[in-house]
Amino acid sequence: VIVTNAIVDQNRTTNRLDERGGETFEIGVRNRIADLAVFGQGTLALNRTLHGTLGVRWSYSRMKTDLISFLPNDEEEYDAARRQGRGRLLPTLALNWTISPALTGYLRFQQGYRAGGISIAFSTVSAFQSDSLDMVEGGLRFGRDAPGAVRGAVALSSSWWRNIQADINGPDGPYTANVGTGRIFALEANAAWRVRTHTTISGAIFVNDSRLTDPADGSENSRSEMLPNIARLTARAGIDQ
């Protein structure tokens, strides 16, 4: 299987500054990002019950950043633009073991990343690096999709997150920065009971423990704290008809 994907994105952030004498002006950044990705994956039967999967994602990102100033006389100026491009190879490895017709085990390794950029905090413009995530996950899938049957899955995962990009609420407003390296341990379980042909009751739970293990300069006070925007416990229940 080969898949291609292309994304073009543009965003703009500005901050208003008040100077002595009552005059104000704004400073900001405009980021334009183009991302092209090609993904290929194949599966090979190692024996009657064991299958191996290998996938590779090649991604190339190019970003252009303009520094913008809005002067008191409403003139708009663009400073020297910054351009950067980078290509990456991201692998995916997986093993699937068919234990029985109603029980399958799996083990998976995957990498991911987000591009860096330029952030503005009040009157300061700074760059933040791309971050990357390595994840190892293992679990079991059980059951059958038939009236009266129950199906579901249980999974454990461990993730190592480097150069974490985080939105920080500073004294002069929010900005984006790299806060360091962290890890995430997670347990996920879900189940669905197909009561009748067109009625299914389902539920899921997600529990994780996340920590900032190696904080960047300026984030030392956050060492061993939970990572932002990652809920410790998430639960869901529903009925589909």
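**Core, charges and rings in a predicted all-chain model**

The largest nonpolar core here has eight members: Trp161, Ile164, Ala166, Val179, Ile184, Leu212, Leu227 and Ile230. A nonpolar core is a set of buried Ala, Val, Leu, Ile, Met, Phe, Trp, Tyr and Cys residues joined through side-chain atoms within 4.5 Å. Buried, in turn, means under 20% relative accessible area, while exposed means over 50% and partly exposed covers what is in between (1.4 Å probe, protein chains only). The model is a predicted one, where local features need pLDDT of at least 70, side-chain atom pairs count only at pLDDT 80 or more, and totals for chains, interfaces and linings use all residues. Residues are numbered from 1 along each chain as its sequence is written, and side-chain values use heavy atoms, with hydrogens and water left out.

Zooming out for a moment, the protein chain has zero helices and 15 strands. Both kinds of element are DSSP runs numbered from the N terminus, with helices being H or I over at least four residues and strands being E over at least two. Of the 241 residues in the protein chain, 31% are buried. Contact means heavy atoms within 4.5 Å. Among the contacts in the protein chain with a separation of 6 or more, 55% are between residues 24 or more positions apart.

With residues up to four places away in sequence not counted, Asn208 touches Ile184, Phe185, Ala186, Ile230, Ala231 and Arg232.

Next come the charges. Side chains of opposite charge can pair when their charged atoms come close. A salt bridge is a side-chain nitrogen of Lys or Arg within 4 Å of a carboxyl oxygen of Asp or Glu, and a search of the whole structure turns up eight of them. In one, Glu137 pairs with Arg108, with the closest N and O atoms 2.5 Å apart. Glu137 belongs to strand β9 (residues 131–143) and Arg108 to strand β6 (residues 103–114), so this pair ties together parts that are 29 residues apart in sequence. Glu137 is buried at 11% relative accessible area, whereas Arg108 is partly exposed at 24%.

Another salt bridge joins Arg114 and Asp131, at 2.7 Å from N to O. Here Arg114 is in strand β6 and Asp131 in strand β9, so the tied parts are 17 residues apart in sequence. Arg114 is partly exposed, at 40% relative accessible area, but Asp131 is buried, at 2%.

Arg232 and Asp209 make a salt bridge too, with their closest N and O atoms 3.9 Å apart. Arg232 lies in the loop between β14 (199–215) and β15 (233–240) while Asp209 is in strand β14, so the pair links parts 23 residues apart in sequence. Both count as partly exposed: Arg232 at 41% relative accessibility and Asp209 at 23%. Through shared partners, salt bridges join Arg183, Asp209, Arg211 and Arg232 into one network.

What about the rings? A pair of aromatic rings is described by the distance of the centres and the angle of the planes. Rings of Phe, Tyr and Trp (its six-membered ring) pair if their centres lie within 6.5 Å; planes under 30 degrees apart count as stacked, over 60 as edge-to-face and the rest as tilted. By this rule there is one aromatic pair. The rings of Trp58 and Tyr60 have centres 6.4 Å apart and planes at 15 degrees, so the pair is stacked. A charge sits over a ring if NZ of Lys or CZ of Arg is within 6 Å of the ring centre and within 35 degrees of the ring normal. Arg88 lies over the face of Tyr113, 4.3 Å from the ring centre, and the charged end of Arg141 sits over the ring of Tyr106, 4.2 Å from its centre.
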